[in-house]
Amino acid sequence: MEIERTSLETQATDFAQRLTKTVHAVAPQCDPFKALNIEGTPRVSVRQNPSVGIPLAVGGQPFLNLKVDYRCCLDRDGDFLAVEKSKIEVVPMAGTGPIFRYEYDRNSGKVPSAHMHVHAHRDAFTFLMAKAGQSTRRARLRADANAVPSLQSIHFPLGGHRFRPCLEDVLETLIEEFGVDKQEGTMAALKDGRAEWRRTQTRAVVRDDPASAIDVLRNLGYDVEWASEGDPPSVRWDRLQQH
């Protein structure tokens, strides 16, 4: 994710404040998010401190715990905040492990950069995994482990670097599908947060593919011309092609 052009610490603090605003719309009493420097690295961790999770209730009773963690850095030009890694886990209050989790790795080359793991147990699915081919690296690793296949080992792709789900999407899913309690104004806050996320991602996509953005703007009636020295930036195929 990329935001306004200021220092990494300032941008990460702003990001933490916006995350806090989002989760407080659902769980007003949860601990706020903070931007914490990762010692010895040009990185900042954006998470709750302590990282106890976001308690979600159904009918006023504790039901799920949402654990959210971001590791941020500056983008390749050193100007904008970028999420390097993130993890969002949905954990039952009565359980020890997540039922599903969303992960993102900006530098992933082995698995989809944005993906979901489902930790549920489904016999038909695991049966197919046991019978599946071994033509890919991950399939071979599962076979070589001589272990019973698990659904959680599959990385379901979720839109890559620019089109991955945001925290607001996860929270709304838990409200709509699991009946998690909401407050007055919760849904409006989630819609506002999602719109801000998508506008930010739109700016990032334009930087990835400025030629397509120019074509669209010209078709809308805008007069767009290259006005700087040197050649216009090229398409970032690495961002557009990677899953």
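Author: The side chain of H115 reaches the backbone oxygen of P112 at 2.7 Å. This is a predicted model, in which local features need pLDDT of at least 70 and side-chain atom pairs count only at pLDDT 80 or more, while totals for chains, interfaces and linings use all residues. Residues are numbered from 1 along each chain as its sequence is written, and side-chain values use heavy atoms, with hydrogens and water left out.

Reader: Why does H115 count as buried?

Author: Buried means under 20% relative accessible area (1.4 Å probe, protein chains only). H115 has 3% relative accessibility, so H115 counts as buried.

Reader: What is H115 in contact with, leaving aside its neighbours within four places in sequence?

Author: Contact means heavy atoms within 4.5 Å. The partners of H115 beyond those neighbours are R101, Y102, E103, H155, F156, P157 and L158.

Reader: What makes a pocket?

Author: On a 1 Å grid over the protein atoms alone, a pocket is an open set of points where a 1.4 Å probe fits, with protein on both sides within 12 Å along at least five of seven lines; lining residues have an atom within 4 Å of a point. The largest pocket is lined by 26 residues, with L19, C166, L167, E168 and W197 nearest its centre.

Conventions: Buried means under 20% relative accessible area, exposed over 50%, partly exposed in between (1.4 Å probe, protein chains only). A polar contact is a pair of N or O atoms within 3.5 Å; within protein, one must be able to donate a hydrogen and the other to accept it, and residues adjacent in sequence count only if both atoms are side-chain atoms.
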